Amino acid sequence: MKKLAIFLFVSTFALAVHAQEKVAKIDFKEDTIDYGEIAKGSDGLRVFEFTNTGNAPLVISNVSSSCGCTVPKWTSEPVQPGKKGTIEVKYNTQRVGPIRKTVTVSSNADTPTVALKIKGKVLGDSSK
């Protein structure tokens, strides 16, 4: 009986360690994009690139922005280990003034929530 208990304990421990080995990891090329000073009405599209550096498929479940002026679009299919994906962020450049927004990425990665930032300044018509 004692050997059976030891066997079950060791088996359970080995299974737990093995289950923890398969994990997705999200590694962004950069976590902040600086638009700099841009003209009103200019192209507000920027792209965050990431790599799955883990050993399990990475699934992004949601990407949300801190306001409606920033619209995110992301890779919807699972990103396999070693492969790359993107998150596109389109800022409404009709809004003159400073840009300071956060884009929150939710996934099955070992760090399930990542905050990305965009910053810059949209210049008004008189600033040209």
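Leaving aside its neighbours within four places in sequence, which residues is Val 105 in contact with?

## Around Val 105

Please keep in mind as you read that this is a predicted model. In it, Val 105 is in contact with Ile 26, Phe 28, Ile 60, Asn 62, Val 63, Ile 87, Pro 112, Thr 113, Val 114 and Leu 116, once its neighbours within four places in sequence are set aside.

## The nonpolar core

Val 105 also belongs to the largest nonpolar core, which has 24 residues. Together with Ile 26, Phe 28 and Ile 87, Val 105 touches the most other members of that core. Two or more residues each come from β1 (26-28), β2 (32-39), β3 (45-52), β4 (60-65), β6 (84-91), β7 (97-107) and β8 (113-123). With four residues, β8 gives the most to this core.

As general background, nonpolar side chains in soluble globular proteins tend to be buried together.

## The four-strand sheet

Let us turn to the strands. Four of them make up an open sheet with mixed pairing, in the order β2-β8-β7-β4. The edges are held by β2 and β4; each has a single partner strand, so one side of each is left without a neighbour in the sheet. From one strand to the next, the twist averages 15°.

β4 and β7 run antiparallel and are joined by five bridges. Ser 64 has Thr 104 of β7 standing opposite.

## Aromatic pairs

The structure holds two aromatic pairs. One of them is formed by Tyr 35 and Tyr 91, whose rings are arranged edge-to-face, at 6.3 Å centre to centre and with 65° between the planes. Because Tyr 35 lies in strand β2 and Tyr 91 in strand β6, this pair ties together parts that are 56 residues apart in sequence. Both tyrosines, Tyr 35 and Tyr 91, are buried.

## The disulfide

How many disulfides does a search of the whole structure find? The search finds one, and this disulfide joins Cys 67 to Cys 69, with an S to S distance of 2.2 Å. A disulfide is a covalent bond between the sulfur atoms of two cysteines.

The link of Cys 67 and Cys 69 is left-handed, with -55° about the S-S bond. Is Cys 69 buried or exposed? Cys 69 counts as buried because its relative accessibility is 4%, and buried means under 20%.

Definitions and conventions: Residues are numbered from 1 along each chain as its sequence is written. This is a predicted model: local features need pLDDT of at least 70, side-chain atom pairs count only at pLDDT 80 or more; totals for chains, interfaces and linings use all residues. Side-chain values use heavy atoms; hydrogens and water are left out. A nonpolar core is a set of buried Ala, Val, Leu, Ile, Met, Phe, Trp, Tyr and Cys residues joined through side-chain atoms within 4.5 Å. Buried means under 20% relative accessible area, exposed over 50%, partly exposed in between (1.4 Å probe, protein chains only). Contact means heavy atoms within 4.5 Å. Rings of Phe, Tyr and Trp (its six-membered ring) pair if their centres lie within 6.5 Å; planes under 30 degrees apart count as stacked, over 60 as edge-to-face and the rest as tilted. A disulfide is a pair of cysteine sulfur atoms within 2.5 Å. Two strands pair if DSSP finds at least two bridges between them. Axes are lines fitted to C-alpha atoms, for helices over the stretch in contact, and angles run from 0 to 180 degrees between N-to-C directions.
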